[in-house]
Amino acid sequence: LEEILAPLVAQACISVLSPAGAFNVESVRVAKVPGGSVIEGSKLIRGAVLAGTGVESGVEKVEKAVVAAYTCDVDTSESETKGTVLLTSADQLMGYTRGEEDAMEAKIKSIVVDGGVNVILAPKFGEVALHYIDKYKAMAVACPSKFDLRRVAKTCGAVVLAKLDLPTREELGKCDAIVVEEIGSTPCVVFRQNNPAARVATILIRAATRNTLDDVDRAIENATNVFRCYLRDPRMLPGAGAAEAQLATHLAKHASTLPGLQQYAVGKFAEALKVVPRTLIENAGANSTDGVADLIAAHNRGDKNAGVNPEGGFYDAAEAGVFDSYYCKVWALRYATEAALTAMRVDQIIMAKTAGGPNPRDMMPGDYGDDAP
């Protein structure tokens, strides 16, 4: 999967970079569609994708879309308190419902006709509202998730409004194409945006099982975070436990030159660094005690790039192309050291009392016969 996912993640991350080089991890999203193959079905889409949902109206494709986004439901208003309306004739009933319909038509007409909007985003649409949206040839896209709604609005450059009012020109969003596509058996609303200013990209992944989709999703998330780390500091270190083994070797030599408790502290720090290669060796199914000893011996001989081979033994991590981020290593060691120092600074332990009522009193002489039949 590395040959398939790595180019997709790289293209997605580069496409959302700002001219100043700023990168936001949230700008790279993942849409999971069950069915198919990861290798053949995964692709990159410039824009946003709402998987598992379709449009509410009859219009399923809009070119050069003008988008209005709302956090409120597009439906007839309801009173906050319960009330009773007494109707004595059919004309009164028709007039009562006609008033709500006319008010909804006026709102939809002002948004679509006066505002030039042809796509409306909202969490929910009522039947009356959908009737008039279809009447004026607009598209209604339901986004029950507020996170998806904000993401789509960011893709289109729209401002999410809290009331069903006519948006201003600055509050409207634009999208090159909004189309409903059926991928496999899953309906998806695709917001295609070729404008470089809309810095949102979506990686559409497919797999046969939900577990595979989740695993690929986590891999893409990790890859985007690695890209962010390399933007901050592009330096790399040999991976596969080689960097930790080399640090442990140097610290062990340095500890032998220190007197008293300092030698003990530095030596324990070197032992703690061996946890990473030891864990890798255990995951490979080998003997961790002998493996760590052989790895440290290799580093003492001058093989500073020696790392754990998952297939058994050791190899040169740099030649194998296995690298770790220098930025991540520095901050991991810094945070681990700060956590250990914080724990050692604690000079008092506060014991929490067990929950419950007061302790039962001791048995009295008259209590011994209470349970007798």
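Strands β3 (residues 61–70) and β7 (residues 173–183) run antiparallel and are joined by 6 bridges. Strands pair if DSSP finds at least two bridges between them. Strands (E, at least two residues) and helices (H or I, at least four) are DSSP runs, numbered from the N terminus. The model is predicted: local features need pLDDT of at least 70, side-chain atom pairs count only at pLDDT 80 or more, and totals for chains, interfaces and linings use all residues. Residues are numbered from 1 along each chain as its sequence is written, and side-chain values use heavy atoms, with hydrogens and water left out.

**Strands**
- Ala65 stands opposite Cys175 in β7.
- β7 also pairs with β8 (residues 186–192), antiparallel, over 7 bridges.
- Ile183 stands opposite Thr186 in β8.
- The β7–β8 hairpin has 2 residues between its strands, and Gly184 takes a positive phi near 70 degrees there.

**Aromatic pairs**
- Rings of Phe, Tyr and Trp (its six-membered ring) pair with centres within 6.5 Å; planes under 30 degrees apart are stacked, over 60 edge-to-face, the rest tilted.
- The count is 3 aromatic pairs.
- Tyr327 and Trp331 form a tilted pair, 6.3 Å centre to centre, with 55 degrees between the planes.
- These two residues are 4 apart in helix α12 (residues 326–345), about one helical turn.
- Trp331 and Tyr335 form a tilted pair at 5.4 Å and 40 degrees.
- Tyr327, Trp331 and Tyr335 form one aromatic cluster.

**Charge over a ring**
- The charged end of Arg334 sits over the Trp331 ring, 4.5 Å from its centre (cut-offs: NZ of Lys or CZ of Arg within 6 Å of the ring centre and within 35 degrees of the ring normal).
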